Amino acid sequence: MMSDLPLAFLPSEFRVKWVTLPWEAEQAHALRRAVFCEEQGIFAGDDRDAVDERAQLLVALSCVAGLPDQVVGTVRIHAEGDADDGLWFGSRLAVDPAWRNHARLGVTLIRLAVCSAHALGCRTFRAHVQSQNVPLFERLDWHVLHAETLLGRPHHLMQAKLASYPPCRDPHAGFSGLAKPSKRQGEPQ
């Protein structure tokens with residue numbers, strides 16, 4: 001039985017790319033604050049830290065009629081230590097709650113993060129992953145190095161299998177995809 005309520009509009013396409021415009025960075029930081037400060041309560045006020053000074057910010061943009069509309073996901077990447085070591089990290093992966101049922105959005109953010117770092121000389125890509133997200137990363141060819149507690153929460157230090165992430169030479173263009181809106185409760189699957 002279908003509800004008489006109108007369906008909420010969700011754009012059906014998205015683009016994941018490196019931040020190139022000020023509004024993209026502003027919305028990405030606002031999304032991080034909403035997820036890590038307000039929703040999860042991990043940080044008070046703001047989640048920015050010294051890593052943001054050297055990190056590359058990536059965004060997932062919802063698109064309307066092929067044009068970017070708003071930031072619905074974000075992650076940052078950065079080289080750790082001496083750039084010649086080739087060790088890179090991804091962190092602060094955040095997806096707008098309305099887009100969390102679109103599994104490809106988070107997957108595409110992770111994919112561009114690793115592929116673009118790989119193109120910049122990354123030889124090892126790691127992330128401190130919240131425990132509830134470990135199965136997703138394992139499906140994406142990551143493995144757990146060890147369990148840990150960060151910011152009072154269970155995490156796992158994980159490493160990507162770089163062979164599964166070919167270098168992306170144009171991260172400013174990034175990747176695009178179609179999002180499948182989830183079914184409303186009570187609708188046939």
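The model is a predicted one. A search of the whole structure finds 11 salt bridges, and six residues, R32, D47, D49, D52, R76 and R92, are linked in a network of such bridges. The largest pocket holds about 930 Å³ of space, and R92 is one of the residues closest to its centre.

- R32 and D52 meet through their side chains in a salt bridge, with 2.9 Å from N to O. This pair joins distant parts of the chain, since R32 belongs to helix α1 (residues 22-39) and D52 to the loop between α1 and β2 (56-64), 20 residues apart.
- R32 counts as buried because its relative accessibility is 0%, below the 20% limit. D52 is also buried, at a relative accessible area of 19%, which falls under the 20% limit.
- A salt bridge links R33 to D46, whose closest N and O atoms are 3.9 Å apart. Here too distant parts of the chain are linked: R33 is in helix α1 and D46 in the loop between α1 and β2, 13 residues apart.
- R33 is partly exposed, with 25% relative accessibility, and D46 is partly exposed at 34%.
- E39 and R100 form a salt bridge between their side chains, at 2.8 Å from N to O. E39 lies in helix α1 and R100 in the loop between β4 (87-95) and α2 (103-119), so that the pair connects distant parts of the chain, 61 residues apart.
- Side chains of opposite charge can pair when their charged atoms come close.

**Helix α1 and its packing**

- α1 comprises 18 residues and spans 24 Å from its first C-alpha to its last, close to the 26 Å expected at 1.5 Å a residue.
- The buried residues of α1 are E24, A28, H29, L31, R32, V35, F36 and C37.
- An α-helix has 3.6 residues a turn, so residues three or four places apart point the same way.
- Those buried residues of α1 pack against β1 (13-18), β2, β3, β4 and β5 (124-130).
- Just after α1, G41 adopts a positive phi of about 65°.

- T74 is located in strand β3 (residues 67-79).
- T74 counts as buried because its relative accessible area is 0%, under the 20% limit.
- A polar atom of the T74 side chain lies 2.7 Å from the backbone oxygen of L58.
- Apart from its neighbours within four places in sequence, T74 is in contact with A28, L31, R32, L57, L58, V59, R92, L93, A94 and L109.
- Among these contacts, A28, L31 and R32 are also buried residues of α1.

- R92 has a positive phi of about 60° although it is not a glycine. This residue is in strand β4 and counts as buried, with 15% relative accessibility.
- D141, likewise not a glycine, has a positive phi of about 75°. D141 is situated in the loop between α3 (134-139) and β6 (142-150), where it is partly exposed, with a relative accessible area of 33%.

**The largest pocket**

- About 930 Å³ of space lies in the largest pocket. Its lining consists of 40 residues, of which F36, R92, L93, Q130 and N133 are the closest to the centre.
- At least two lining residues are supplied by each of α1, β3, β4, α2, β5, α3, β6 and β7 (153-160).
- β4 provides the largest share of the lining, seven residues.
- F36, one of the residues closest to the pocket centre, is a buried residue of α1.

Conventions: Residues are numbered from 1 along each chain as its sequence is written. This is a predicted model: local features need pLDDT of at least 70, side-chain atom pairs count only at pLDDT 80 or more; totals for chains, interfaces and linings use all residues. Side-chain values use heavy atoms; hydrogens and water are left out. A salt bridge is a side-chain nitrogen of Lys or Arg within 4 Å of a carboxyl oxygen of Asp or Glu. Helices (H or I, at least four residues) and strands (E, at least two) are DSSP runs, numbered from the N terminus. Buried means under 20% relative accessible area, exposed over 50%, partly exposed in between (1.4 Å probe, protein chains only). A polar contact is a pair of N or O atoms within 3.5 Å; within protein, one must be able to donate a hydrogen and the other to accept it, and residues adjacent in sequence count only if both atoms are side-chain atoms. Contact means heavy atoms within 4.5 Å. The expected span of a helix is 1.5 Å times one less than its number of residues. On a 1 Å grid over the protein atoms alone, a cavity is a set of points where a 1.4 Å probe fits but cannot get out, and a pocket is an open set with protein on both sides within 12 Å along at least five of seven lines; lining residues have an atom within 4 Å of a point. Grid points are joined across faces, edges and corners, and a volume is the space filled by probe spheres set on the points.
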